[in-house]
Amino acid sequence: MAETLRVEELRQVCVLLLDAVQERFGSEIDLSILDVDHYWNVDLRSAFSIQEDPASGIDVGQSSDDVAELRALLRRRPEDEPLLWHDLQHLAGMLRLLAYLDLPAAEDQE
C-alpha cells in the first residue's frame, strides 16, 4: 500500500463532516426516538482478514452502548490513555449511525 494516512488530514475531515452533521441534524440527536439501537458489526480481526469468511466475526453493536462508552472516555482521568482498539470502535459505531441517518430514502433510490 503506497498511501499514507495523515492524522491531521483525518482530523480536518472529521471537523468538516461533524460540522455538516450539526448543521443538518442539530447539536443533539435524540437516539431514543430512533429505532436504531442495535446494528450489525464485523469484528476488527474478521474485517481486515479478507481471505477468510467474515460470517463468524459478525456480531451486534449497540448505539446506546457506543454513546455510554464515549462519554466514559471523556470522564477518564487525563493520565488514563485511551484504548484505541476499543474506543475507536465505539466512535466508528456512532459515525456509521450518522451516515445511516443521512441515507436517501429507499424511494429516492429508484
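Predicted model: local features only at pLDDT ≥ 70, side-chain atom pairs only at ≥ 80, totals over all residues.

Read along the sequence, the protein follows the pattern α-β-α-β-α-α, with four helices and two strands in it. Its C-alpha trace spans about 40 × 35 × 30 Å along the principal axes, and of the 110 residues in the protein, 13% are buried.

Let me turn to helix H4, which has 18 residues and reaches 25 Å from its first C-alpha to its last, close to the 26 Å expected at 1.5 Å a residue. Buried in H4 are Asp87, His90, Gly93, Met94, Leu97 and Leu98, and because these residues cover an arc of only 135° around the axis, they sit on the same side of H4. Their cover includes helix H1 (7-25), strand E1 (38-42) and helix H3 (63-75). On the face turned away from that buried side, H4 carries the exposed residues Leu84, Trp85 and Arg96.

What forms the nonpolar patch on the surface? Leu18, Leu84, Leu88, Leu91 and Leu95 do, with about 440 Å² of accessible area together, and helix H4 (residues 84-101) gives the largest share of the patch, four residues. Leu88, which lies in H4, counts as partly exposed because its relative accessibility is 49%, and exposed would require over 50%.

Methods
Residues numbered from 1 in each chain as written. Heavy atoms only, no water. Patch = residues over 30% accessible without salt bridge, like charges linked within 9 Å, V, L, I, M, F, W, Y side chains within 5 Å. Areas by Shrake-Rupley, 256 points an atom, 1.4 Å probe, with all protein chains shown as cover. Salt bridge = Lys/Arg side-chain N within 4 Å of Asp/Glu carboxyl O. Buried < 20%, exposed > 50% of the residue type's maximum accessible area, 1.4 Å probe, protein only. Expected span 1.5 Å × (residues − 1). Arc of directions from axis to C-beta. Contact = heavy atoms within 4.5 Å.
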